[in-house]
Amino acid sequence: MAPKRKKVEVEEEEARAQVEVEEEDEEEEELAFSRNYFLAKEVGSASGKRSAARKVSEINLVDDQLLRASLSELPTKHEKEIGSLLESYKGLYSNWLFELRCGFGLLMYGFGSKKALLEDFASSTLTSYTVVVINGYLASVNLKQVMTTIAEILWEHYKCKAKTSTGKKQQTQLPNGLKSVDDIVTFIVDISDDCNCSVCLLIHNIDGPALRDPDSQQHLARVSCCSCICLVASIDHVNAPLLWDKKMVYTQFKWSWHHVPTFVPYKVEGLFNPLILFSSGHVQTTKTALVVLQSLTPNAQSVFRVLAEFQLANEKEEGMHVSELYTKCREQFLVSSQVTLNAHLTEFKDHKLVKMRRHSDGQDCLHIPLPTNALEKLLQELV
């Protein structure tokens with residue numbers, strides 16, 4: 001055999017041997033990992049009740065105010081890069097304005113708070129518009145109040161136009177009979193064609209907790225169809241696109257989607273997001289419940305109070321029937337329909353304020369998971 005050929009064969013054998021050694025090392029590592037994993041399982045199961053008693057609620061958590069203060073003091077990283085990124089978006093302002101004038105709504109998505117970006121766009125570019133800012137990240141947003149504000153703006157322009165054409169002074173208040181949100185929205189749609197103005201609804205988090213229900217989205221969609229009203233909104237929830245069906249997206253909102261990640265911390269939006277912290281005692285739970293309730297509407301707080309007072313007066317009961325709660329709330333004019341009550345209950349259940357459980361008679365009943373003393377203290381602090 002030639003020396004050169006022999007040398008090549010030797011090199012190939014050495015390479016194969018090296019590969020086999022590496023494969024054996026990988027197999028040993030996998031076996032060691034598996035052995036450690038199952039060993040840990042055995043140790044965990046052998047510890048019996050001690051390991052089963054380990055719960056998140058047993059962790060001694062820091063006070064929520066101290067935690068928020070610490071979070072606010074965290075330094076912002078990559079400020080220069082974030083500033084450059086926000087500056088680059090300013091070159092798109094003219095394109096966004098063009099799309100608004102073409103009848104499209106702007107929907108901004110991407111990681112990071114878009115609050116400062118949208119407000120800068122409105123203040124620098126939408127100078128010919130009357131801008132109405134809606135902070136959708138607040139759980140206490142009142143859609144009826146928002147729609148009333150829009151109606152008042154359009155009504156002022158309508159009065160000016162009517163006075164110019166007829167020379168007569170028009171009434172200063174909105175027409176009577178606009179009691180429900182649906183009535184106000186219908187009024188806005190009817191009067192919009194006769195108003196010589198441009199209104200822009202700037203909605204931070206149109207997927208927020210107070211706006212994500214079907215009724216609120218439908219009201220906003222109807223208003224967005226008005227010729228004198230345009231929409232600029234942001235979303236951050238991963239399931240936000242599920243809020244709208246195809247008809248609503250293409251024929252009402254007419255969204256033009258824009259990916260504008262800012263990587264800006266959600267400091268403002270997160271400030272109103274209650275920290276649901278569980279501790280071994282009920283002090284932290286009461287504090288958390290108070291924070292949540294104070295962020296809700298007065299009607300929602302009153303509904304919770306009705307349920308709490310019933311629970312305190314009937315400690316031996318398993319809970320309060322939903323139908324009974326609806327009857328009491330209806331008598332006190334806190335809710336107008338079962339749908340309204342369900343919206344409040346969904347908010348309570350999402351924040352762990354109320355739990356649903358099956359009554360002995362087979363019906364669903366509501367229960368506040370707090371002891372009597374903690375519940376009494378909560379009602380005293382809830383003004």
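A salt bridge is a side-chain nitrogen of Lys or Arg within 4 Å of a carboxyl oxygen of Asp or Glu. Keep that rule at hand, as several stops on this tour use it.

**Before you start**

This is a predicted model, in which local features need pLDDT of at least 70 and side-chain atom pairs count only at pLDDT 80 or more, while totals for chains, interfaces and linings use all residues. Residues are numbered from 1 along each chain as its sequence is written, and side-chain values use heavy atoms, with hydrogens and water left out.

**The whole chain**

Begin with the protein chain in a cartoon view, where there are 16 helices and 8 strands. These are DSSP runs numbered from the N terminus: helices are H or I with at least four residues, strands are E with at least two. The chain has 383 residues, and 37% of them count as buried. Buried means under 20% relative accessible area, exposed means over 50%, and partly exposed is in between (1.4 Å probe, protein chains only).

For contacts (heavy atoms within 4.5 Å) between residues at least 6 apart in sequence, 76% join residues at least 24 apart.

**Stop one: salt bridges**

By the opening rule, the count comes to 4 salt bridges. Side chains of opposite charge can pair when their charged atoms come close.

Select Asp236 and Lys114, whose side chains form a salt bridge at 2.8 Å, N to O. This pair links distant parts of the chain, 122 residues apart: Asp236 is in the loop between β4 (229-234) and α10 (246-253), and Lys114 is in the loop between β1 (105-109) and α6 (115-125). Is Lys114 buried or exposed? Lys114 counts as buried, at 1% relative accessibility, while Asp236 is partly exposed at 30%.

Next, pick Lys115 and Glu119, another salt bridge at 2.8 Å, N to O. Both residues sit in helix α6, 4 residues apart, or about one turn of the helix. Lys115 is buried at 18% relative accessibility, and Glu119 is partly exposed at 30%.

Then move to Glu87 and Lys90, a salt bridge whose closest N and O atoms are 3.5 Å apart. Lys90 is partly exposed, with a relative accessible area of 37%.

**Stop two: positive phi**

Most residues other than glycine have a negative phi. Select His78, where phi is near 55°, a positive value. His78 lies in the loop between α3 (64-72) and α4 (79-89), and it is exposed, with a relative accessible area of 56%.

Go on to Asn205, which has a positive phi of about 60° although it is not a glycine. You will find Asn205 in the loop between β3 (199-204) and α9 (214-224). Asn205 counts as buried, because its relative accessibility is 8%.

**Last stop: a charged patch**

Which residues form a negative surface patch? Select Glu317, Glu318, Glu324 and Asp361. Patches are made of residues with over 30% relative accessible area and no salt bridge, and like charges are joined within 9 Å. Asp and Glu count as negative, and the place of a charge is taken as CG of Asp or CD of Glu. To finish, zoom in on Glu318, in the loop between α13 (298-313) and β6 (320-321). Glu318 is partly exposed, with a relative accessible area of 31%.

Key:
Patches are made of residues with over 30% relative accessible area and no salt bridge: like charges are joined within 9 Å, nonpolar side chains (Val, Leu, Ile, Met, Phe, Trp, Tyr) within 5 Å. Accessible areas come from the Shrake-Rupley method with a 1.4 Å probe; for residues, only the protein chains shown count as cover.
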